[in-house]
Amino acid sequence: MKLFHKKSHTTYNPATKTPVIKCSICTGEQVAGFKDLDTGHFDEIMLIRNAADLDSFMEMYNVATITKEY
């Protein structure tokens with residue numbers, strides 16, 4: 001039984017989802033994920049601690065641009 005395991009990669013369809021970084025105003029925490037264009041539901045994928053984390057997220061999902069939401 002695995003308690004802590006990596007999430008499998010979610011599928012990213014640019015027609016239905018857009019890459020977004022959710023930023024907390026209070027703590028400064030940043031989480032990268034995908035926001036559904038129809039429902040507005042946000043799927044958290046990865047905690048962003050530094051520029052290297054952001055670069056790996058963008059490379060992993062082949063994302064050229066990403067927006068920030070507060």
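Guide: Let's start with Glu69, which makes a salt bridge with Lys35, their closest N and O atoms being 3.0 Å apart. This is a predicted model, where local features need pLDDT of at least 70, side-chain atom pairs count only at pLDDT 80 or more, and totals for chains, interfaces and linings use all residues. Residues are numbered from 1 along each chain as its sequence is written, and side-chain values use heavy atoms, with hydrogens and water left out.

Visitor: Why is the contact of Glu69 with Lys35 called a salt bridge?

Guide: The term asks for a side-chain nitrogen of Lys or Arg within 4 Å of a carboxyl oxygen of Asp or Glu. Glu69 and Lys35 have their closest N and O atoms 3.0 Å apart, so the pair passes.

Visitor: What parts does that pair tie together?

Guide: Glu69 sits in strand β4 and Lys35 in strand β2 (residues 30-36), so parts 34 residues apart in sequence get tied together. Strands here are DSSP runs (E, at least two residues), numbered from the N terminus.

Visitor: How do you know that Glu69 and Lys22 pair up too?

Guide: Their side chains meet at 3.8 Å, N to O, so they are within the 4 Å limit and count as a salt bridge. Glu69 is in strand β4 (residues 67-69) and Lys22 in strand β1, so this pair ties together parts 47 residues apart in sequence.

Visitor: What makes Lys35 partly exposed?

Guide: Buried means under 20% relative accessible area, exposed means over 50%, and partly exposed is in between (1.4 Å probe, protein chains only). Lys35 has 24%, so it lands in the middle class. Shared partners join Lys22, Lys35 and Glu69 into one salt-bridge network.

Visitor: How many salt bridges are there by this rule?

Guide: The count is three. One of them joins Lys17 and Asp43, with closest N and O atoms 3.1 Å apart. Lys17 is in strand β1 (residues 17-23) and Asp43 in strand β3 (residues 42-48), 26 residues apart.

Visitor: Why is Lys17 called buried?

Guide: Its relative accessible area is 18%, so Lys17 falls under the 20% line. Asp43, at 24%, counts as partly exposed.

Visitor: And the cysteines: how many disulfides does the search find?

Guide: Zero, across the whole structure. A disulfide would need a pair of cysteine sulfur atoms within 2.5 Å.

Visitor: What makes Cys23 buried or exposed?

Guide: Cys23 has 9% relative accessibility, so it counts as buried. Cys26 has 76%, so it goes over the 50% line and is exposed.

Notes. Helices (H or I, at least four residues) and strands (E, at least two) are DSSP runs, numbered from the N terminus.
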